[in-house]
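Q: I am new to this structure and would like a close look at one part of it, the pairing of charged side chains. Please go through it step by step.

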Amino acid sequence: MTSEEQEAAVGRPLWHGRFGEGPSDELLAFTVSLPFDRRLAADDLVGSRAHVHMLRKVGLLTTEEEGVIVTALARVEHELADGSFAFAPTDEDIHTAIERRVTEIAGPTGAKLHTGRSRNDQVALDLRLFLRREGRALAARIDALQQVLFQRASESTEIALPGYTHLQRAQPVLLAHHLLAHFWALARDLDRWRDCLERADVSPLGAGALAGSSLPLDPALVASDLGFARPFDNSLDAVSDRDFVAEALFVAALTQVHLSRIGEEIAMWSTEEFGFVQLADAYSTGSSMLPQKKNPDIAELARGKAGRLIGDLTGFLATLKALPLAYNRDLQEDKEPLFDALDTCRLSLSALTGLLATITFVDEAMTAGADSHYNAATDLAEFLVQQGTPFREAHAIVGSLVRQSVERGVPLDELVSTDPRLGPDCLALLEPGSAVRRRSTPGGGGPQPVMRQLERAREQLERQQAWLEH
Ligand code: ARG
């Protein structure tokens, strides 16, 4: 470029050479992604450093030129950090803005930064770098919530509550067992994060716009510089693949669905009707009008925001559907749902972690529900089974006693003790705490299996810790 050409290029788009006139206001307003992709600035700088390092290694930049560009990148980083970075109206995205500024600072040497690179491979790289960090951070929050569930479960091996099916009381289980059920769902989520981050561990840089380059680029060098497991295999795939975004959105959505189930239970348990928990003041809200109210807003929002994350996932899958190869601008729609899903899920996790760490379990209410005689009906039937009665018949015998009890208002224990097939011996089965103690099979809800389960949960946390620290 002559110096006149260079001057004329200032404030014009990256593609100014091909175009007779500048972009319209409508085009800029519609296509701009800077307001949200600014968030990728740090990743963009990291990617650019690795890129210029590679360019120097393969002889496309001298050591001196590399130094000049790296210094300019450092200055840009500084300006972005202290807020002095002046964005131009033509900075349609963070990549454009950074390259423009590097070129302003470093002149013709800066103009070599984009050698062999396209924003197509650049943006795919940035987003993978972003996900690698943020995905792990989110996984760490899942782990933190599991630790609280584990802690609360360890303290709750003496309290039973009714277990439900169809939201009808079914059989009692230890509170520890109930809390650990949520723990294992989250363990699978964390495992899914690890799995999807492993698959996302591919560097797309060097794919160029779509087909690679005539320049002697070394994608493997960039990949190893940036700590990726491997470089891409196919340049078309490298710039158009957003499976890693879709997978992350699914894992985030499923995580949030699990949080919504915890949220729903807390909201229910905190009602006067259930009365199973009391929320700490710091983790509940009041009403602007009703002075007596204490509301479980965290639990409700954890539940409500699941809808939003499902929307992020399905919306983005719709964007991807039927997109031809390779890069299409539609792909710019990957960032907002990803950012939104990760942010929302992370905040939900932290809030629920605090809520559960400080929640009070109301033993009396839970125990009263757990010890209802009807919850022991299956045990009565199983008693008959042990005497040789076929289960279907035993079920009918006890079922009819329950019906009589309900219809005639006679306590079940009275009917049991006078029934010739059951008799007074069976009353022990109806004693408080007895039904839960008999849930003794592996993985069951009684004290013995729950102690073993706690041990396995502890091992699970250790395995997770090893991965998170790795
Ligand atoms: N802002 C764009 C995105 O997020 C960067 C890639 C632009 N590439 C292009 N060929 N226009 O996808």
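A: Arginine 100 has a relative accessible area of 15%, so it counts as buried, the limit being under 20%. This value, like the others here, comes from a predicted model.

The side chain of arginine 100 forms a salt bridge with that of glutamate 104, with N and O 2.7 Å apart. Glutamate 104 is partly exposed, at 41% relative accessibility.

Arginine 101 takes part in another salt bridge, with glutamate 79, at 2.8 Å from N to O. Here the partners come from distant parts of the chain: arginine 101 is in helix 6 (residues 94-110), while glutamate 79 is in helix 5 (residues 63-82), 22 residues away. Arginine 101 is buried, with a relative accessible area of 15%, and glutamate 79 is buried as well, at 10%.

In general, side chains of opposite charge can pair when their charged atoms come close.

Arginine 192 is partly exposed, with a relative accessible area of 24%, whereas aspartate 189 is buried, at 0%.

Salt bridges can also join into a network, as they do among Arg39, Asp43, Arg133, Glu134, Asp343 and Arg346. Over the whole structure, a search finds 33 salt bridges.

Charged residues also occur around the ligand. The shell around the ligand consists of 4 charged, 3 polar and 2 nonpolar residues. Its members include Asp93, Arg119, Arg329 and Lys335. Helix 7 (residues 119-154) contributes the most to this shell, with 3 residues.

A ligand nitrogen is 2.8 Å from an N or O atom in the side chain of glutamine 332, and a ligand nitrogen is 3.0 Å from one in the side chain of asparagine 120. For tyrosine 327, the distance is 2.4 Å, from a ligand oxygen to a side-chain N or O atom. The ligand taken alone exposes 340 Å², of which the protein buries 86%.

How values were computed. Residues are numbered from 1 along each chain as its sequence is written. This is a predicted model: local features need pLDDT of at least 70, side-chain atom pairs count only at pLDDT 80 or more; totals for chains, interfaces and linings use all residues. Side-chain values use heavy atoms; hydrogens and water are left out. A residue is near a molecule or strand if one of its heavy atoms lies within 4 Å of it. A polar contact is a pair of N or O atoms within 3.5 Å; within protein, one must be able to donate a hydrogen and the other to accept it, and residues adjacent in sequence count only if both atoms are side-chain atoms. Accessible areas come from the Shrake-Rupley method with a 1.4 Å probe; for residues, only the protein chains shown count as cover. Helices (H or I, at least four residues) and strands (E, at least two) are DSSP runs, numbered from the N terminus. Ala, Val, Leu, Ile, Met, Phe, Trp, Tyr, Cys and Pro count as nonpolar, Asp, Glu, Lys and Arg as charged, and the others, Gly among them, as polar. A salt bridge is a side-chain nitrogen of Lys or Arg within 4 Å of a carboxyl oxygen of Asp or Glu. Buried means under 20% relative accessible area, exposed over 50%, partly exposed in between (1.4 Å probe, protein chains only).
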